[in-house]
Amino acid sequence: MAMIELGFGRQNFHPLKRKSSLLLKLIAVVFAVLLFCEFLIYYLAIFQCNWPEVKTTASDGEQATREPVLKAMFLADTHLLGEFLGHWLDKLRREWQMERAFQTALWLLQPEVVFILGDIFDEGKWSTPEAWADDVERFQKMFRHPSHVQLKVVAGNHDIGFHYEMNTYKVERFEKVFSSERLFSWKGINFVMVNSVALNGDGCGICSETEAELIEVSHRLNCSREQARGSSRCGPGPLLPTSAPVLLQHYPLYRRSDANCSGEDAAPPEERDIPFKENYDVLSREASQKLLWWLQPRLVLSGHTHSACEVHHGGRVPELSVPSFSWRNRNNPSFIMGSITPTDYTLSKCYLPREDVVLIIYCGVVGFLVVLTLTHFGLLASPFLSGLNLLGKRKTR
């Protein structure tokens, strides 16, 4: 009787061992593909990005001085989902992607300052105080950064609403978290951060206040230039660096359309000729001319369109529209890396992993696991064994 029971136990031992072996293989493959697609792939993509070279010597009469270089990252349109729109799985997925991409970029590239050009949130324009607090907490977790790295944010229409939705409460709520700073200077470089949603030009209270702030910034910039030339008309007070500013805003300056935009992350060809609507897709002609006249920027960076575009205003002032940082808006998100000095700058683009590539990897692995499982249970002939049998038959002929 004991021998019968022992034999029965041995008969069940081998199938159990085979099942355990299959389970270990499946777990190993799943773990490996998750590790690569959800973690290592970001290192692989961003490791290929390098800070662009920029000229660091400036001649001052007969002397040449070495200028400090500021390493700045620019990204836009993160669109963190709120409590109303989007599936919870979509929210979880997109936020994980952006967090991994941002944290990997911080670790590999070591920027000194990061600028986010509006539409931080997707539902800030109508979110309740409780939902806003939750969105802010998630943002601060995703875009956490060391104390020596500065993070600067400008408002977008999804953060405070379009012009007809914007009000003082929403603007103050946003500025309480992200600061109302309009002028930021570091290493001799001036950055002007504009609430472009408030440049509708209809004389609304927020619009008038925003224009007054920009006129004051323009006055300070002009005074610094004049005092550097020996003029004393501006009186005492701290001087700003004399370099022409970099203008940062959410809405692009006025352009007819994206017809002249090109590149793999430009708008799709079928959308490029669609005319832009002023104060909705881009700033109005009047507001754009005011900004260029008041601030005289050497470079403009904007977001909003979710696609890349480079244009020149008046034939001399370049503007770069920064693509969306979210995979919800693009298959190939990216961000801009800038090496900036008081007199020069160079920009380059860093592409993040393409979502279609990640999906292809997952689909390929699922297919491999199905074949592995069916082969293990004898429901599908092993391709390797089939190949050996076919080779053996040919040799016997």
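## The second largest cavity

In this predicted model, the second largest cavity is lined by His-163, Ser-196, Val-197, Leu-199, Asn-200, Tyr-251, Asn-279 and Leu-283. Sorted by class, this lining holds 4 nonpolar and 4 polar residues, with no charged residues, and the volume of the second largest cavity is about 40 Å³.

## The largest cavity

The count of cavities of 30 Å³ or more comes to 2, and the largest cavity contains about 90 Å³ of space. Its lining is made up of Val-153, Val-154, Ala-155, Ile-160, Val-171, Phe-174, Glu-175, Ser-179, Glu-181, Arg-182, Met-193 and Asn-195. Helix H5, which spans residues 168-178, gives the largest share of this lining, with 3 residues. By class, the lining of the largest cavity has 7 nonpolar, 2 polar and 3 charged residues.

## The largest pocket

The largest pocket has a volume of about 330 Å³. There are 17 residues in the lining of the largest pocket, and those that lie nearest its centre are Glu-271, Phe-276, Asp-281, His-304 and Thr-305. Divided by class, the lining of the largest pocket comprises 6 nonpolar, 7 polar and 4 charged residues.

## The sheet of six strands

An open sheet is formed by 6 strands, which follow one another in the order S6-S7-S8-S9-S11-S10 with mixed pairing. Strand S6 (183-186) and strand S10 (309-313) each have a single partner strand and stand at the edges, so one side of each is left without a neighbour in the sheet. From one strand to the next, the twist averages 20°.

Another open sheet is built from 5 strands in the order S5-S4-S3-S12-S13, and here the pairing is mixed. The edges of this sheet are taken by strand S5 (150-153) and strand S13 (345-351), each of which has a single partner strand, so one side of each is left without a neighbour in the sheet. The twist of this sheet averages 20° from one strand to the next.

Strand S4 (residues 113-116) and S5 run parallel and are joined by 4 bridges. In this pairing, Phe-115 has Lys-152 of S5 as its bridge partner.

## The packing of helices H2 and H3

Two packed helices are described by the distance between their axes and the angle between those axes. For helix H2 (residues 88-109) and helix H3 (residues 129-142), the axes come within 9 Å and cross at roughly 35°. On the H2 side, the contact is made by Lys-91, Glu-95, Met-98, Glu-99, Phe-102 and Gln-103, while H3 contributes Arg-138, Lys-141 and Met-142. Taken by class, the residues of the contact of H2 with H3 divide into 3 nonpolar, 1 polar and 5 charged.

## Annotated transmembrane regions

According to the UniProt record, which is an unreviewed entry, the annotation "transmembrane region" covers residues 21-45 and residues 359-391. In the model, the chain over residues 21-45 is 100% helix and 0% strand, and the C-alpha atoms at the ends of this stretch are 34 Å apart.

Definitions and conventions
Residues are numbered from 1 along each chain as its sequence is written. This is a predicted model: local features need pLDDT of at least 70, side-chain atom pairs count only at pLDDT 80 or more; totals for chains, interfaces and linings use all residues. Side-chain values use heavy atoms; hydrogens and water are left out. On a 1 Å grid over the protein atoms alone, a cavity is a set of points where a 1.4 Å probe fits but cannot get out, and a pocket is an open set with protein on both sides within 12 Å along at least five of seven lines; lining residues have an atom within 4 Å of a point. Grid points are joined across faces, edges and corners, and a volume is the space filled by probe spheres set on the points. Helices (H or I, at least four residues) and strands (E, at least two) are DSSP runs, numbered from the N terminus. Ala, Val, Leu, Ile, Met, Phe, Trp, Tyr, Cys and Pro count as nonpolar, Asp, Glu, Lys and Arg as charged, and the others, Gly among them, as polar. Two strands pair if DSSP finds at least two bridges between them. Axes are lines fitted to C-alpha atoms, for helices over the stretch in contact, and angles run from 0 to 180 degrees between N-to-C directions. UniProt positions are given in the numbering used here, feature names are shortened, and annotations may be inferred rather than shown by experiment. Contact means heavy atoms within 4.5 Å.
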